[in-house]
Amino acid sequence: MPISENARAVLEKRYLIRDEHGQPTETVDQLFHRVAGAIAAADARFDPKADVDATARTFYDMMTGLDFLPNSPTLMNAGRPLGQLSACFVLPVADSMEDIFDAIKNAALIHKSGGGTGFSFSRLRAKGSTVNSTGGVASGPISFMKVFNAATEAVKQGGTRRGANMGILRVDHPDIMEFIGCKNDTHEINNFNISVGLTEAFMRSVEQGGEYDLVDPATGTVTGTLNARRVFETVVASAWQTGEPGIIFLDRLNRDNPVPSMGEIESTNPCGEQPLLPYEACNLGSINLVTHLKKSGGRYVLDKKKLGDTIRKAVHFLDNVIEVNKYPLDEIDKMTRATRKIGLGVMGFADMLLYMGIPYNSEAGVAQAKEVMELVNAVGHQESEKLAGTRGAFPLFGESIYQNGRPLRNATVTTIAPTGTLSIIAGVSSGVEPVFAYAYIRNVMDNTHLIETNQILKDRLTEAGVYSEELMEQIVEQGSLQHVEGIPEEIRRVFVCAHDVSPIWHVKMQAAFQEYTDNAVSKTVNFPNSATREEVAEVYTLAYKLGCKGTTIYRDGSRDEQVLNIGKVA
Ligand code: UDP
């Protein structure tokens with residue numbers, strides 16, 4: 001298998017089955033056989049004569065060729081007793097003590113199995129309102145988020161991976177100002193990403209500079225008003241300071257809700273790419289674009305035939321995952337099988353552009369994004385339709401927004417995931433993000449440092465006859481190769497890193513992928529440390545105008561402990 005040492009280390013640390021002494025009892029190769037076999041087995045449920053072994057071989061080849069990988073819980077748990085295969089869940093939080101603590105318990109079970117949970121806290125009554133049974137006063141959504149956070153912290157130790165949460169509050173909840181600032185102390189509520197749920201009415205008030213109503217969810221009464229522009233500016237200021245909260249556009253999520261009869265979409269999964277109904281789960285999978293390139297006339301181009309084949313196999317794979325998945329709750333089992341949402345996306349997009357010689361921050365880059373995703377979405381839907389022919393449409397198809405069209409096996413087909421771990425396993429750039437850094441320092445044992453260089457860059461510089469260790473040191477030092485002398489102009493133009501890409505291009509790229517994605521796109525808009533609040537506001541407004549479903553921004557250096565650093569401190 002063409003995997004790097006890094007990838008092997010990740011798989012060995014977290015994904016392999018272990019005995020009671022913590023020793024792996026399977027090899028990396030056996031892991032992929034385990035997953036392929038368990039997922040292919042679902043075919044027999046629809047066709048007793050299905051050649052399950054042949055399908056298992058196809059799935060095995062697709063994964064070990066690094067053409068496609070399912071989300072981490074599928075790799076970890078398929079073919080094992082736990083059998084929980086989804087990365088994304090949304091749980092309802094209703095306004096009663098019982099419901100709140102049920103949600104905490106359910107989230108703990110999901111975290112233990114490697115899934116992430118999203119919640120809307122918008123139904124909880126405002127801080128200071130009355131508690132009927134006791135005559136006391138309610139402590140409000142943010143106080144309960146802290147309980148969810150503490151529970152997550154405790155489960156973290158024994159689980160397969162760190163539990164992640166999304167917390168959402170509608171902009172018209174009376175506690176919205178407290179929510180916006182609830183992570184300004186960056187040590188608070190650390191197991192949550194938070195997003196403000198914006199409505200179109202609110203965005204219009206921002207434009208017009210008007211006031212809008214705050215509504216107590218318990219009684220439906222208006223408890224006050226706020227100036228929309230001031231609230232928007234507070235969100236911007238907070239995001240500028242710490243990267244949070246993000247924003248999501250609730251009306252837009254619901255315009256694309258495939259089965260409105262089942263209720264409103266109030267939340268997404270932790271990283272924002274998967275809007276879901278309460279009690280719904282979704283399994284994701286990502287196609288590695290780098291292995292779908294071929295050389296034609298001395299240049300790299302997309303191998304559309306291979307990509308089409310992989311898309312079809314991947315949809316088949318993900319639909320099978322829904323079948324063999326063991327859901328942590330009956331309600332989740334029921335909801336997830338009723339809509340059968342899957343989230344097929346891509347990774348290695350930035351690397352693909354490097355091979356093609358196209359800058360990420362260019363119209364040609366954006367056009368390439370649309371071309372790739374249009375194909376993934378179109379062929380993905382064709383395959384889902386084909387599966388509907390043999391396996392039946394998703395059970396709620398008759399009441400879905402698709403009811404007058406062709407049947408589909410899955411209420412949604414496409415999602416762009418962050419691919420945090422998958423991209424390490426595949427050895428490519430993550431999701432649809434630009435390359436973060438082309439050279440960085442890795443601390444290895446006994447305090448020695450090692451410069452890690454992006455292989456595509458190394459090859460290009462070597463071809464051009466200019467590669468040297470000194471050059472790499474300068475790239476590390478400057479965090480970018482834009483101003484490093486001795487690098488040919490053409491290479492500089494193409495090898496842009498996240499910080500060379502202006503925020504506007506980040507948003508344009510997100511919008512390009514969103515145009516052809518059923519669910520949403522995981523994307524962070526990177527800002528330099530020197531960015532102003534006005535620039536952040538501009539990006540939010542642009543994201544709204546270009547049809548994105550939400551935005552997350554991050555200004556370099558705005559948190560003490562950031563995951564990725566450029567420059568010497570990596
Ligand atoms: N996720 C999680 N905990 C983590 C990482 C991810 O719960 O530590 C969930 C979360 O819902 C996230 C989704 O998995 O949105 C997909 O994340 P990613 O693509 O990075 O996961 P991978 O499959 O690469 O591990």
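Because the model is predicted, local features need pLDDT of at least 70 and side-chain atom pairs count only at pLDDT 80 or more, while totals for chains, interfaces and linings use all residues; side-chain values use heavy atoms, with hydrogens and water left out.

**The ligand and its shell**

Next, display the backbone atoms of Gly420, where a polar atom is 2.7 Å from an oxygen atom of the ligand. A backbone N or O atom of Ala87 lies 3.0 Å from a ligand oxygen atom, and for a backbone N or O atom of Cys271 the distance to an oxygen atom of the ligand is 3.3 Å. The protein covers 90% of the 520 Å² of accessible area that the ligand has on its own, with areas from the Shrake-Rupley method and a 1.4 Å probe; for residues, only the protein chains shown count as cover.

Now select Asn269, in the loop between strand 9 (267–268) and strand 10 (275–276); helices (H or I, at least four residues) and strands (E, at least two) are DSSP runs, numbered from the N terminus. Asn269 is buried, with a relative accessible area of 2%, where buried means under 20%, exposed over 50%, and partly exposed in between (1.4 Å probe, protein chains only). Its side chain is joined to that of Glu273 by a polar contact of 3.0 Å. Such a contact is a pair of N or O atoms within 3.5 Å; within protein, one must be able to donate a hydrogen and the other to accept it, and residues adjacent in sequence count only if both atoms are side-chain atoms.

Move to Thr419, in the loop between helix 15 (363–391) and helix 16 (422–426). Thr419 has a positive phi of about 55° although it is not a glycine, and at 5% relative accessibility Thr419 counts as buried.

**Other backbone features**

Most residues other than glycine have a negative phi, and most peptide bonds are trans. With that in mind, select Leu66, which has a positive phi of about 60° without being a glycine. Leu66 lies in the loop between helix 4 (52–64) and strand 1 (68–70) and, at 5% relative accessibility, counts as buried. Then go to Glu244 and Pro245, which are linked by a cis peptide bond with omega near 0°; Pro245 is found in the loop between helix 10 (228–242) and strand 8 (246–249).

**Strands 2 and 3**

Select residues 88–91 and 116–120 together: strand 2 and strand 3 pair in the parallel sense over four bridges, where pairing requires that DSSP finds at least two bridges between two strands. In strand 3, the bridge partner of Val90 is Gly118, and Phe89 stands opposite Thr117.

Which way do the residues of strand 2 point? Cys88 and Val90 point one way and Phe89 and Leu91 the other, and all are buried. From strand 3, Gly116, Gly118 and Ser120 point one way, whereas Thr117 and Phe119 point the other way. Five of the five residues of strand 3 are buried, so strand 3 is largely enclosed by the rest of the structure.

**Residue pairs to finish**

Select Lys156 in helix 7 (residues 141–156), which counts as partly exposed at 23% relative accessibility. Lys156 and His111 are 45 residues apart in sequence, and their C-alpha atoms are 7.6 Å apart in space.

Last, select Ala281 in strand 11 (residues 280–288); Ala281 is buried, with a relative accessible area of 0%. From Ala281 to Ile322, 41 residues apart in sequence, the C-alpha to C-alpha distance is 9.4 Å.

Note on methods. Residues numbered from 1 in each chain as written.
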